[in-house]
Amino acid sequence: MKPETIKNGAPETPWRLFWKGFKKNKLAVSGTIIIAGLFIIAIFAPVIAPYDQDAIMVKEILQPPSQKHLMGTDELGRDVLTRIMWGSRVSLLVGFLAVGISVAIGVLLGSLAGYYGRLVDAIIMRFVDVMLCFPTFFLILAVIAFWEPSIWKIMLVIGLTSWMGVARLVRAEFLSLKERDFFQAARALGGKDLRIIFRHILPNSLAPVLVSATLGVAGAILTEAALSFLGIGIQPPDPSWGNMLTAGKDNIEIAWWLSFFPGFAIFITVMGYNMLGEGIRDAIDPRLR
Amino acid sequence: MATYILKRLFGMIPLLFGITIVSFLVIHLAPGSPVTIQTDLNPKMTAEARERLLKFYGLDKPLHVQYYNWVKHLVTFDLGRSFATDNRPVIDKIKERLPITIFINVLSLFLILMIAIPLGILSAVYQNSLFDRSTTVFVFIGFAIPTFWLALLLMILFGIQLDWLPISGLKSVNYEYLSAFNQLKDRAAHLLMPVLLSAFGGLAGFSRYSRSNMLEIIRQDYITTARAKGLSESQVIYKHALRNAFLPIVTILGLSIPALIGGSVIFESIFAIPGLGQLFYNAVMGRDYSLVMGELVIGALLTMLGNLLADISYALVDPRIRIK
């Protein structure tokens, strides 16, 4: 242990250790800054956006980037920068809620499989194998084909088709933690199943779940963008980065800025989450300390 | 080996059962029943098509009877008929679209392996070198770039600004009038961007994987032994480590099949390639339920077969797997 930590006398709790590693990690800090910036844009979009998101300027159709329109205008004469700012709301919302759903399902099924083992484990893990056989994108498209697309259904479907990784992760954590002494102690003291799962094992397996959830947000944002790009996600006139790229494709021969900027927004956002996820992984990995 | 294959084949039975159950449930997700509420809202669905759907899935019968009947059709590859105006059997439509999708995916898998494995292995061998660090940056960017965006950018650059490559379809309009050599060139030009882009999607993951895999291997005892007995560094790396580094890649190949098949929806609709992905996309847009169901099941079956092949080839090259 370094001398200064002894000097200030604060106990080295796991969170403190994590925070120390996190602060020093360039990836994690840059990722946090990018994501914080996006949140500010998403929350204050109505205030900071230079134009109204649906304002159609008939005389300014398909204008290249200029001082008046920093990212140009689209085929209806709407300001691209404005719509990208509003579109950030869709991406952040879908990213968080979809991952919330997938983490909830993954943690639940993974805990059940890891804790109870035997038949419960066999059934749940076979189900995971089955879900992994489906090309996820096919499954999502098929469900959307039967439902009419809306932002809530898209989040739900992405969540329902992306929990398998978390389930496997949590199960593996449970299996290894079950071998440890504190688990045996909790058992011997007569702890109830639910209490042991929630108080003793889950908190110990949260770190890898956090990493996988952060990377999952990036994945969900990419999936939503792809769905909207194909015209099966967020429906126009509501702006989303994916459906703005559809306009880019339709006008690909005359307006490069319609393809470039929305995709760049997706790229930066996904990059931010990936950096944060990798940064957290480095910060919690004791082998790297 | 035979027992291993048999064991794996038996292991497929619960998977097959699960795949059919999940697929079957998807069609019942529609609010109400797919033939009542949904189709009333859907002008693309004629009364006659509705009748056919009702009859094929027997939607008026109890659920378990419906499932039984559906599976009975499935084992003979009878996936019903398309709702599109041509009314052709779903399986025929899938069969004619399958080759081009498989062709593109195999080509891009080949490309991924040719680039990603050397990239990953070299950056592991020269860990923390400039090469390693720039590969890491490349991998990071590769993970974050939406491939459909990259597709649009490349189309703008090579298809429109520079006008080097065609941006849609599989062949030019004047294809029939070209000489055999030029026909081949024309095909290649049309396939270049789709194959490169579809490969790009997998590149980051594969090179990352082969790097960490190689890093683990060069820390193993048998590598130390090889060094200790005085082998040259290149012999250690290229004879002892490399062989072991290749093995797990086979499994990852199998696991990447669903992503490749899923990704084909995006590429084929961007580049207007008449493959499985485009067929699926059109089926979804046209609410062609039996075609959607058929492709979903076929997609899952292909994935399962891919995984089986990967497992078997892994067991063939690595005897340790067979014993387990």
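The sections below take these topics in turn.

The model is predicted: local features need pLDDT of at least 70, side-chain atom pairs count only at pLDDT 80 or more, and totals for chains, interfaces and linings use all residues. Residues are numbered from 1 along each chain as its sequence is written, chains are lettered from A and ligands numbered from 1 in the order in which they are written, and side-chain values use heavy atoms, with hydrogens and water left out.

**Chain B**

The secondary structure of chain B consists of 14 helices and zero strands; helices (H or I, at least four residues) and strands (E, at least two) are DSSP runs, numbered from the N terminus. Of the 324 residues in chain B, 49% are buried, where buried means under 20% relative accessible area, exposed over 50%, and partly exposed in between (1.4 Å probe, protein chains only). Contacts are heavy atoms within 4.5 Å. Among contacts in chain B between residues at least 6 apart in sequence, 69% join residues at least 24 apart.

Domain 1 of chain B spans 35–78 and domain 2 spans 91–317, with bounds that come from an automatic or database domain assignment. The centres of the two domains, taken over C-alpha atoms, are separated by 37 Å.

**The interface of chain B and chain A**

In this interface, 48 residues of chain B contact 43 residues of chain A. The buried area between the two chains is about 4,200 Å², and carbon and sulfur atoms give 82% of this area. Buried area is the accessible area (1.4 Å probe) that two parts lose on being put together, summed over both. On the side of chain B, Phe140(B), Phe148(B) and Trp149(B) lose the most area to chain A, together 16% of what that side buries.

The count of salt bridges between the chains is one, a salt bridge being a side-chain nitrogen of Lys or Arg within 4 Å of a carboxyl oxygen of Asp or Glu. It joins Glu278(A) and Arg208(B). Elements of chain B that give two or more residues to the side touching chain A are helix 1 (2–27), helix 6 (130–144), helix 7 (147–161), helix 11 (257–270), helix 12 (276–285) and helix 13 (289–317). Helix 13 of chain B supplies the largest share of that side, nine residues. By class, the side has 38 nonpolar, seven polar and three charged residues; Ala, Val, Leu, Ile, Met, Phe, Trp, Tyr, Cys and Pro count as nonpolar, Asp, Glu, Lys and Arg as charged, and the others, Gly among them, as polar.

**Salt bridges**

Over all chains, a search of the whole structure finds 11 salt bridges. The table gives some of them.

| Pair | N to O distance |
|---|---|
| Arg78(A) and Asp74(A) | 2.9 Å |
| Arg83(A) and Asp74(A) | 4.0 Å |
| Arg168(A) and Asp129(A) | 3.1 Å |
| Glu278(A) and Arg208(B) | 3.7 Å |

Asp74(A), Arg78(A) and Arg83(A) are linked in a network of salt bridges. Relative accessible area is 9% for Arg78(A), which is buried. Asp74(A) also counts as buried, at 5%, and Arg83(A) is buried at 3%.

The side chains of Arg168(A) and Asp129(A) meet in a salt bridge. This pair links distant parts of the chain, with Arg168(A) in helix 9 (residues 164–177) of chain A and Asp129(A) in helix 6 (residues 118–133) of chain A, 39 residues apart. Arg168(A) is partly exposed, with a relative accessible area of 39%, and Asp129(A) counts as partly exposed at 21%.
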